[in-house]
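Please find below a few notes for a colleague who is opening this structure for the first time.

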Amino acid sequence: MKNISIALFAVLLLTGCQVQNQKHKKENTMTTEENKQLVIRFNKEFFESGNIAITKELLADSFSNHTAPPNAPTNAGPMIQFITGFHKGFSNVSVQINEVLAEGDKVSLRKTITATHTGEFMGKSATGKKVEMNVIEIDILKDGKITDHWSKNDFMQAVQGL
């Protein structure tokens with residue numbers, strides 16, 4: 001009887017582990033290609049077009065911007081404020097996706113953002129100058145939404161040249 005109980009327990013344990021593993025695998029049902037397209041779409045609609053409403057659709061409630069300035073919130077709020085101000089100060093904003101790499105739930109981009117300084121931005125009056133910013137970013141996705149974001153850019157050098 002003891003051996004049957006141990007065998008039954010082992011079967012239940014293994015079956016439970018298989019169910020748990022299947023459950024975990026189903027959490028992120030997006031393919032790598034779908035993840036890439038979602039990140040590209042976010043860049044085109046948010047950064048290029050200034051569509052801040054897209055954040056509700058494509059950023060998770062738990063979204064974290066890991067490259068937020070020190071002491072700033074890491075949610076989408078500061079990004080939305082920045083893009084709103086950026087689009088007031090710059091026109092002809094273009095996001096050129098130079099390279100997209102993805103593996104599993106991670107997508108990495110190398111992109112170039114160009115724009116023309118046609119309005120006040122960060123205390124600087126319009127200069128009419130064109131700026132170019134180079135960015136490398138990494139995003140993590142889960143269930144069709146971006147949950148985490150890191151980026152490295154030369155934005156401050158571009159602004160200093162205005």
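1. In this predicted model, Thr147 is in contact with Ala60, Ser62, Phe63, Ser64, Ile140, Leu141 and Lys142, once its neighbours within four places in sequence are left aside. Thr147 belongs to strand E5, which covers residues 145-153, and its side chain makes a polar contact of 2.8 Å with the side chain of Asp148. Thr147 counts as buried because its relative accessibility is 11%, and buried means under 20%.

2. Leaving aside neighbours within four places in sequence, Thr55 is in contact with Phe42, Phe46 and Ile80.

3. The aromatic pairs come to a count of 11. One of them joins Phe42 and Phe47 edge-to-face, with 5.9 Å from centre to centre and 85° between the planes. Phe42 is buried, with a relative accessible area of 4%, and Phe47 is also buried, at 13%. The charged end of Lys111 sits over the ring of Phe47, 4.1 Å from its centre.

4. Phe82 and Phe121 form an edge-to-face pair, since their ring centres are 6.1 Å apart and their planes stand at 80°, where over 60 degrees counts as edge-to-face. This pair links distant parts of the chain, 39 residues apart, with Phe82 in helix H4 (residues 77-89) and Phe121 in the loop between strand E3 (106-117) and strand E4 (130-142). Phe82 is partly exposed, with a relative accessible area of 33%, whereas Phe121 is buried at 5%.

5. Phe82 and Phe121 also belong to one aromatic cluster, together with Phe86, Phe90 and Phe155.

How values were computed:
Residues are numbered from 1 along each chain as its sequence is written. This is a predicted model: local features need pLDDT of at least 70, side-chain atom pairs count only at pLDDT 80 or more; totals for chains, interfaces and linings use all residues. Side-chain values use heavy atoms; hydrogens and water are left out. Helices (H or I, at least four residues) and strands (E, at least two) are DSSP runs, numbered from the N terminus. Buried means under 20% relative accessible area, exposed over 50%, partly exposed in between (1.4 Å probe, protein chains only). A polar contact is a pair of N or O atoms within 3.5 Å; within protein, one must be able to donate a hydrogen and the other to accept it, and residues adjacent in sequence count only if both atoms are side-chain atoms. Contact means heavy atoms within 4.5 Å. Rings of Phe, Tyr and Trp (its six-membered ring) pair if their centres lie within 6.5 Å; planes under 30 degrees apart count as stacked, over 60 as edge-to-face and the rest as tilted. A charge sits over a ring if NZ of Lys or CZ of Arg is within 6 Å of the ring centre and within 35 degrees of the ring normal.
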